[in-house]
Structures are given as structure tokens and as C-alpha cells.
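This briefing is intended for a reader who is new to the structure shown below.

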Amino acid sequence: MYLKRIRLHNEKLPNDNRYPFSIPVIKGLDQLDITSNVTFFVGENGSGKSTLLEAIADKCDFNTAGGGRNNYFEVYESNSALGDYITLSWMPKVTNGFFLRAETFHHFASHIDSLDEGSQAYGGKSLHHQSHGESFLSLFQYRFHQKAIYLLDEPESALSPQRQLAFLKILHDLSAKGNSQFIIATHSPILLGYPEATIFSFDEDSIREVAYEDTDHYQITRYFLDNRERFLHEILKDE
């Protein structure tokens with residue numbers, strides 16, 4: 001494990017209540033200690049999990065449009081507004097890694113195609129010539145290696161449940177020896193089930209560690225599967 005602590009200099013934050021500085025967990029954050037090779041950020045849309053992940057990527061000098069240190073391309077409004085206000089503590093510091101933004105992955109794939117022999121690094125096939133899920137797995141299989149930190153924003157967005165399980169195997173193979181670290185923002189109850197991971201919830205005024213079974217993702221999914229007819233009747237009934 002490499003990244004040990006994230007500290008927010010909240011005394012320096014702007015006072016005009018602009019987004020993302022208006023997000024409750026951002027306003028209330030002092031420091032966040034990272035204690036596992038695999039850490040999940042969970043919370044509703046707009047809760048701040050992707051904002052903090054993007055700020056970490058910015059401080060790692062990864063392309064905040066998606067990619068690593070050597071991927072130079074731009075996407076509108078991909079810069080981190082929070083990156084200037086956080087400090088990362090390392091032991092030891094690593095420079096290898098990758099920031100996955102699911103929403104801008106198409107632009108990353110185009111960037112790779114523009115490089116000489118770029119697609120050769122991804123199994124010899126353009127990422128654009130693979131399905132969305134196949135291209136994500138190609139990224140994980142061919143780009144992710146040991147001694148690196150990987151920041152993933154909703155990687156499940158392109159993965160079927162079966163391929164989410166395949167991703168868990170890749171995650172295990174890379175992190176089990178302690179040479180790779182993952183911080184993942186996700187809504188997937190499958191990914192959150194990864195053993196011995198730390199889960200941080202962003203759904204209240206401060207970030208707090210939660211057990212897998214206490215996440216809304218687990219509880220809602222289980223309730224739906226166990227009570228599908230009753231659940232659908234309740235939410236679809238006429239007022």
C-alpha cells in the first residue's frame with residue numbers, strides 16, 4: 001500500500017459556497033486515513049466521492065480527463081477544482097498508475113489510437129473495436145501492473161455482472177501481493193463485496209467507514225431480490 005492519508009486544507013477553501021466546496025463531506029473533511037490496498041468510495045450521485053477521487057488523481061499528476069502521467073489529451077471541464085486544496089501522504093510514493101473516468105473513456109481510447117502502435121499495448125486491437133465492456137477489461141488486463149496506484153470512477157458502468165466478477169479476479173491478482181493499490185468509486189454491490197476492502201460512505205455530513213452489509217447498495221439490492229413483487233408493487237402503485 002502506498003497512499004496512506006488524504007488531508008484537506010479546509011481553512012483555505014473558498015468562502016463563496018461554489019460546487020464542489022458546497023458538498024457537505026468536502027466541507028467537513030479534515031483527513032482520511034487509507035488502511036487497505038483496496039478502498040471503495042460509496043454514496044449517492046453528487047455526494048462528493050468522484051470529486052475527491054478526481055482531486056487525488058490531480059495530485060498524482062495523472063490526466064484528470066482519464067489516463068496516467070503520460071496521457072495528454074483534454075476533455076471539457078475535466079480539471080479538478082479540489083486538487084489544489086489537498087495533500088497526499090505516501091509510504092513510499094509511487095508515480096505509476098492510472099485514473100479511469102468511465103464517462104470520458106471514449107476520449108482516452110481515441111488518444112490511444114492516435115499513438116504509434118498504441119493499440120498494441122491493449123492486446124493488439126483498438127479499444128474502439130471492442131465492446132465497451134471488452135475495452136474496459138482490456139485496459140485492466142494490459143495496462144494495470146504491479147507497483148502502481150489505480151483510481152477508478154465507476155468501472156462497473158461498462159461491465160456486466162459476469163465481467164464485474166472477472167474484474168474482481170484481476171483486482172485480487174494485482175492487490176494480493178501488496179504491490180498495487182486501488183481506490184474505487186462505485187455503485188456496484190458486486191464490487192463492494194471484495195473481501196477485506198475498506199468502504200467509505202459519503203452519504204452523511206462526514207465520511208465514515210461502513211461494513212459491506214450496511215451499505216445502501218447491499219441492502220436495497222438484497223431487499224429487491226428477496227421481495228421483488230412487493231417492492232415493485234410499492235414503487236409502481238398509483239397514488
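Strand E6 (residues 148–153) and strand E7 pair in the parallel sense over 6 bridges; helices (H or I, at least four residues) and strands (E, at least two) are DSSP runs, numbered from the N terminus, and two strands pair if DSSP finds at least two bridges between them. Leu151 has Ile183 in E7 as its bridge partner. From E6 the chain crosses through helix H5 (residues 161–175) to E7, and this β-α-β crossover is right-handed, a term used if, with the strands pointing away from the viewer, the path from the first strand over the helix to the second runs clockwise.

This is a predicted model, in which local features need pLDDT of at least 70 and side-chain atom pairs count only at pLDDT 80 or more, while totals for chains, interfaces and linings use all residues. Residues are numbered from 1 along each chain as its sequence is written, and side-chain values use heavy atoms, with hydrogens and water left out.

**Further strand pairing**
- Strand E3 (residues 38–42) also pairs with E7 in the parallel sense, over 4 bridges.
- The bridge partner of Val38 in E7 is Phe182.
- E5 and E6 run parallel and are joined by 5 bridges, and Phe99 has Leu151 in E6 as its bridge partner.

**Burial of the strands**
- In strand E7 (residues 180–185), 6 of its 6 residues are buried (under 20% relative accessible area, with exposed over 50% and partly exposed in between; 1.4 Å probe, protein chains only).
- In a regular strand the side chains alternate between the two faces of the sheet.
- One side of E7 carries Ser180, Phe182 and Ile184 and the other Gln181, Ile183 and Ala185, all buried.
- Strand E5 (residues 97–101) is mostly covered, with 5 of its 5 residues buried.
- Gly97, Phe99 and Arg101 lie on one side of E5 and Phe98 and Leu100 on the other, all of them buried.

**Pro189**
- Pro189 is found in helix H6 (residues 189–192) and is partly exposed, with a relative accessible area of 22%.
- Leaving aside residues up to four places away in sequence, Pro189 touches Tyr212, His217, Tyr218 and Thr221; contact means heavy atoms within 4.5 Å.
- Pro189 and Arg222 are 33 residues apart in sequence and 9.4 Å apart in space, C-alpha to C-alpha.

**Helices H7 and H8**
- Tyr223, Phe224, Leu225 and Asp226 in H7 meet Arg228, Arg230, Phe231 and Leu232 in H8.
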